[in-house]
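Subject: Structure handover

Hello,

Here is the structure we talked about. Please open it alongside this note.

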Amino acid sequence: MVKMRSIQRGVITLIGVVLVIVLTACSSTSGVDGTGKVQVTATTGMIADVAREVGGAYVEVTGLMGPGVDPHLYKASQGDIRKLEQAKVIFYNGLHLEGKMTSILEKMSKSKQVTAVAENIPVEELHSGQATGGTEYDPHVWFNVKHWMRATEAVRDTLMEADPDHAEQYKTQAATYLEKLQALDTEVREKIGQIPEESRVLVTAHDAFGYFGQAYGIKVMGLQGISTAAEYGAKDVSELRDFLVENQIKAVFIESSVPAKAMEAIIAGAAEKGHTVKIGGELFSDAMGAEGTVEDTYIGMVRHNVETIAAALK
């Protein structure tokens, strides 16, 4: 009798263990965690921030690329692949910003919900990237806030489709965030407009600010092309140095995700020609600021950039 009870307890324990394993497996493959939140994985910090704003309490967002990470050169680790596989929804920029990761994301789109947020922007509003050593289109769409509003709409629509039970909540939260972005767009226009027109020249490490320049009326030049994967040479350095000297440009900007060495060489070259150029500050281009800082949000990142540019060029 004792032996029989022992066997029964063993069977019950075994069933319990199997049940836990099955439930865990179901949770990871369904993309919904134990709290019922939709598991979302985003490639860049900017996209992860939008997903959190639109998704609110109904999503759990994991970002792959942290502060200071260059998405053009990023290579997915095994841990990244696991995060992508476990997600119910994947958001990425598209337009080849993620470089070699693009093929992985495209394959995953056959078995789960994968959205390239930049593809919500009409093709006629995109810039060609080929002229500056990049891909077919310039992927840095987030520097035009109105373009990022379209990206936000893509996130909203995807979450509403993936989790229809909370569709209204996603719609409402997106509307609130879109109002903030509209206000941000107006703020950027006003601050750049305060810079004297002849001083509106933005020189950076790589050509990431094309959409920003067109949207807000400032001339943009970069040492490297659209992608940091494109090499620059001595000719590029000397041409940019000469441009600074001839046009009496007083400030250049470094980027958080690009080494500052090349820009420092240009400053030294200008000094040899008798022209003083200073570093106007550090801009966030392909990645946001450190976790817990004001620049750890898309809106905070844009505000930092605009304030830094305006302070240096005024």
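My notes on its sheets and helices follow.

This is a predicted model: local features need pLDDT of at least 70, side-chain atom pairs count only at pLDDT 80 or more, and totals for chains, interfaces and linings use all residues. Residues are numbered from 1 along each chain as its sequence is written, and side-chain values use heavy atoms, without hydrogens and water. Helices (H or I, at least four residues) and strands (E, at least two) are DSSP runs, numbered from the N terminus.

First, the open sheet. Four strands run in the order β2-β1-β3-β4, with parallel pairing (pairing needs at least two DSSP bridges between two strands). β2 (59-63) and β4 (113-116) are the edge strands, each pairing on one side only. Twist averages 20° from one strand to the next. β3 (residues 89-92) joins β4 over 4 parallel bridges. There, Val89 stands opposite Gln113.

Next, β7 (residues 251-255) and β8 (residues 278-283). They pair in the parallel sense over 5 bridges. Ala251 has Lys278 as its bridge partner in β8.

Last, helix α8 (residues 234-246). Its 13 residues should span 18 Å at 1.5 Å a residue, and its end C-alpha atoms are 18 Å apart, so the two agree (the expected span is 1.5 Å times one less than the number of residues). Val237, Leu240, Phe243, Leu244 and Val245 are its buried residues (buried means under 20% relative accessible area, 1.4 Å probe, protein chains only). Gln248 follows α8, with a positive phi near 55°.

Best wishes

Technical notes:
Axes fitted to C-alpha atoms, helices over the stretch in contact; angles between N-to-C directions. Buried < 20%, exposed > 50% of the residue type's maximum accessible area, 1.4 Å probe, protein only.
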